[in-house]
Amino acid sequence: MTFQLPGQLATQPTPFYYYDLALLDQTLTALQAAAQPGNFQVHYALKANFNLPILARIKAHGLGADCVSGGEVQRALEAGFAPDHIVFAGVGKSDAEINLALAADIFCFNAESVPELQVLNELAGGQGRRARVALRINPNVDAHTHPHITTGLDANKFGISLQDLAGVVDSLDSLPHLELVGLHAHIGSQITELHVFAELSAKLNELQSWLEGRGHQLPHLNVGGGLGINYQDPDAQPIPDFAAYFGMFTQHLARRPGQQVHVELGRAVVAQCGTLVSRVLYVKESQQVRFAILDAGMTELIRPALYGSHHHIQNLSSQGVALPYDIVGPICESSDTFAKGTLLPETKRGDLIAIRSAGAYGEVMSSGYNLREKAAAVYQ
Ligand code: LLP
């Protein structure tokens, strides 16, 4: 498979996000086909991309929603996700956000500290409800990914560290408006070394037995998200290996009869269906470097500037001889660079450039810096 922009988009003003909904559908079909035999429940992490046309597809394939703000809970409800398929996670939930989610009677809050549990208890009591909670633990498992997107190490702000867990579980005895329904862990994102999910499973197995010893049966386990994608060669692997991913948990997680296992994937669902399409404004040859200056920048896609992330870049207009380019945006920051020394066919003003694998954490992280207009999103 090679990437092609639908012909009618060749005149669309740039920059814009193009979403291939057929690929999204194929990805979702593959995901559910891999999840269903093992009875895994998939919640989509809205933070990766919360555009309504995308959420509509995701909901149509029967996924639930993993939200990290009141805005995302509201968006999930607006997109038609049933409240009992919505989870609310996040290390800093405000009272207003908690109240909104309580009023909607969502499935579960993933809670991360005793102070948070106390507030949740009080607000649930105030609404005359009992809130279902899962404790987000910090399993201290190294996800072997970029330091900015590792979340399951002791040094990270996320989750309850294992040393503190006994105290947190004890605190539940005095919080009558909470019902413990599960454990939650998320160790990081863009994970390509799947053995780390075996380590995570082993930690969860230990904790589950320990909690059972204290009289807590857990109706569900949530193993988080994090499955990575192939940024180097999106056409070689447009659909992630979901079977291998679920296989890790089938093999290593000690599930109890009837217990639900939830995963909350974001990137693996939407990254490959999104492309940032841009035009070359200028080609500038300095003494040392040949720059292709695009009309898209870090305001549309900040991942290369923020994490040094690689996105595959293609010139859709030229077949010429390959030359090295630094591919940069128009923003007044040196970090506004998509790639350095990338080989592209000889490039000229007006050429269309595709920046691939941009469906996850692309448009949602865009900004209006330099008073830039928001790029359009088009769906085909
Ligand atoms: N669950 C929790 C608790 C999370 O924090 C995240 C992502 C996910 C699920 C979904 O993870 P995924 O399946 O997408 O890896 N902006 C960064 C990624 C930040 C991920 C934050 N948490 C990037 O552009 O790479």
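Me: Is P330 buried, exposed or partly exposed, and how many C-beta neighbours does P330 have inside 10 Å?
Reply: The general idea is a neighbour count: a residue is buried if 20 or more other C-beta atoms lie within 10 Å of its own, exposed if 12 or fewer, and partly exposed in between, with C-beta atoms placed from the backbone. P330 has 16 C-beta neighbours inside 10 Å, so it counts as partly exposed. Keep in mind that this is a predicted model, where local features need pLDDT of at least 70, side-chain atom pairs count only at pLDDT 80 or more, and totals for chains, interfaces and linings use all residues. Residue numbers start from 1 along each chain as its sequence is written.

Me: Where does P330 lie, and which residues does P330 touch?
Reply: Places are named by helices (H or I, at least four residues) and strands (E, at least two), which are DSSP runs numbered from the N terminus. P330 belongs to the loop between β14 and β15. Touching is a matter of distance: two residues are in contact if their C-beta atoms, placed from the backbone, lie within 7 Å. Not counting residues up to four places away in sequence, P330 is in contact with L281, I293, D295 and G297.

Me: Which residues come nearest to the ligand?
Reply: A residue is near a molecule or strand if its C-beta atom, placed from the backbone, lies within 6 Å of it. There are 22 residues around the ligand, and S189, G225, G266, R267 and Y361 come nearest. Two or more residues of this shell come from each of β10 (260–265), α9 (267–270) and α10 (303–307).

Me: How many residues of each class does the shell around the ligand have?
Reply: Ala, Val, Leu, Ile, Met, Phe, Trp, Tyr, Cys and Pro count as nonpolar, Asp, Glu, Lys and Arg as charged, and the others, Gly among them, as polar. The shell around the ligand has 9 nonpolar, 8 polar and 5 charged residues.

Me: Which residues does UniProt place under "binding site"?
Reply: UniProt positions are given in the numbering used here, with feature names shortened, and annotations may be inferred rather than shown by experiment. The unreviewed UniProt entry puts "binding site" at R267, R303, Y307, E333 and Y361. These residues span 95 residues in sequence, and their farthest two C-alpha atoms are 26.9 Å apart, so they do not all gather at one spot. Let's take two of them in turn. E333 sits in the loop between β14 (322–328) and β15 (337–345), and E333 counts as partly exposed with 14 C-beta neighbours inside 10 Å. Y361 is in the loop between β16 (352–355) and β17 (376–379), and Y361 is buried, with 24 other C-beta atoms within 10 Å. Leaving out residues up to four places away in sequence, Y361 touches A48, R267 and R303.

Me: What does UniProt list for K47?
Reply: The unreviewed entry in UniProt lists K47 as "modified residue: N6-(pyridoxal phosphate)lysine". You can find K47 in the loop between β2 (40–45) and α2 (52–60). K47 is buried, having 22 other C-beta atoms within 10 Å. Beyond residues up to four places away in sequence, K47 touches V68, E72, G266 and V364.

Me: Which residues have a positive phi although they are not glycine?
Reply: Most residues other than glycine have a negative phi, and most peptide bonds are trans. Y361 has a positive phi of about 55°, and L371 has one of about 50°. L371 lies in the loop between β16 and β17, and L371 is exposed, with 6 other C-beta atoms within 10 Å. As for peptide bonds, the one from T14 to P15 is cis, with omega near -5°. P15 is in the segment before β1 (16–19).

Me: How many residues of strand β6 are buried?
Reply: In β6 (residues 131–138), 8 of the 8 residues are buried, so the strand is largely enclosed by the rest of the structure. A131, V133, L135 and I137 point one way, and R132, A134, R136 and N138 the other way.

Me: How many bridges join β5 to β6?
Reply: Two strands pair if DSSP finds at least two bridges between them. Strand β5 (residues 108–111) runs parallel to β6, and 3 bridges join them. F109 has V133 in β6 as its bridge partner.
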